[in-house]
Amino acid sequence: MAARRETPLRFAVIGCGSIGQRHVRNLVALDAGEVVAFDVREDRRRDVASRFGIEVPDRLDEVWRRGPDAVVVAVPPHAHVPLALQAAARGCHLFIEKPLSDRWDGTEELLDAVRARGLVTLVGCNMRFHPGLVTVKKLLEDGAIGRVVAGRAEVGQYLPDWRPAEDYRQAYSARRDQGGGVILDAIHELDYLRWMLGDVGEIACFSGRLGRLEIDTEDTAAMLLRFTSGAIGEVHLDYLQRAYSRTCHLIGEEGTIRWDYSAGEVRCYTASERRWRSWANPAGWEPNHMYIDEIRHFVECLTRDAHPAADVFEAAQVLKIALAAKTSARSGGVVRLEGSQG
């Protein structure tokens with residue numbers, strides 16, 4: 001863990017697409033320290049320099065020469081590990097956008113580098129900072145519904161609506177060679193189910209390009225998971241739903257929990273009370289608050305020895321699940337995850 005420090009931190013945000021710009025804006029808003037940014041696209045560099053008034057070098061080696069303490073990796077997934085390895089070799093702490101990678105190659109090397117250098121890492125699983133899912137997690141920890149026997153998570157939204165100002169066909173989501181596809185893009189559901197229900201032992205998946213989007217990746221995936229606890233999970237992911245939908249449903253021996261992102265509500269039914277209770281998002285809550293809390297947490301990990309909510313080691317386990325789902329979809333069989341029990 002990082003030691004306490006009083007001197008200002010130096011952050012480098014590499015990748016200035018929508019998520020990179022969000023992180024720049026939030027770092028600046030939090031007055032977290034000195035921020036520089038870089039992108040291979042000149043138009044994005046100009047935009048970030050103009051909007052945020054920060055330094056935006058036109059070459060990556062100029063970023064390294066500035067000696068950042070921490071690097072935010074916000075490039076397409078296929079470049080996450082190579083860029084993170086460059087940063088780790090320079091002793092930089094790491095915030096890496098999800099997914100950790102689109103392949104396993106190089107991941108062990110990154111984990112070894114982080115371990116050897118004692119780097120602080122956080123992977124961008126912002127849904128762990130959603131007030132609804134935080135409430136669900138606490139209910140589970142408090143034993144509100146007893147032993148969980150099954151869980152269901154789903155998310156879907158029409159891909160062209162994600163970033164209306166950009167051509168969706170040019171985004172990494174649409175491109176296999178850049179790590180796109182809904183299984184990796186919507187890895188949040190796999191992450192938070194593992195966060196709540198524990199390790200996954202087996203997985204089966206069907207996926208494909210079922211709609212008419214002009215992409216070369218899967219737009220729909222349906223998964224069946226067996227957790228090492230014995231619980232069974234169902235996960236649905238898609239790029240096709242015209243109305244955004246994101247929900248989670250957990251079934252326990254003593255009750256049921258339901259979360260609906262769009263409704264901004266968690267509901268819990270317990271056998272002991274024989275009634276539903278509900279929790280709404282805090283008044284005035286908006287989605288960027290997740291990202292603000294996520295970056296604030298990263299800063300606290302760097303300066304106050306807070307324990308990362310989802311470090312590269314956690315993210316590597318979730319990546320294994322996603323890659324196993326892809327293997328299952330190709331083979332048509334059930335994939336057992338290495339090291340799983342039960």
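**Aromatic rings in the predicted model**

Colleague: Let's start with Trp276: is this residue buried, exposed or partly exposed?
Modeller: In this predicted model, Trp276 has a relative accessible area of 31%. Buried would need under 20% and exposed over 50%, so Trp276 counts as partly exposed.

Colleague: Which residue lies over the face of Trp276?
Modeller: Happy to point to it! The distance from the ring centre is 4.3 Å, and a charge over a ring must be within 6 Å of that centre. The residue over the face of Trp276 is Arg267.

Colleague: How many aromatic pairs turn up in the whole structure, and how is the pair of Phe95 and Phe298 classed?
Modeller: The search finds eight aromatic pairs. The centres of Phe95 and Phe298 are 5.6 Å apart, with the planes at 70 degrees. Planes over 60 degrees apart fall in one class, so this pair is edge-to-face.

Colleague: How many residues apart are Phe95 and Phe298?
Modeller: Phe95 is in strand S4 (residues 93-97), while Phe298 is in helix H9 (residues 288-303). Both Phe95 and Phe298 are buried. Their pair links distant parts of the chain, with a separation of 203 residues.

Colleague: Back to Trp276: how is its pair with Tyr269 classed?
Modeller: Tyr269 is partly exposed, with a relative accessible area of 26%. The two ring centres of Tyr269 and Trp276 are 5.5 Å apart and the planes are at 55 degrees.

How values were computed: Residues numbered from 1 in each chain as written. Predicted model: local features only at pLDDT ≥ 70, side-chain atom pairs only at ≥ 80, totals over all residues. Heavy atoms only, no water. Phe/Tyr/Trp six-rings, centres within 6.5 Å; stacked < 30°, edge-to-face > 60°. Helix = DSSP H or I, 4+ residues; strand = E, 2+ residues; numbered from the N terminus. Buried < 20%, exposed > 50% of the residue type's maximum accessible area, 1.4 Å probe, protein only. Lys NZ or Arg CZ within 6 Å of the ring centre and 35° of its normal.
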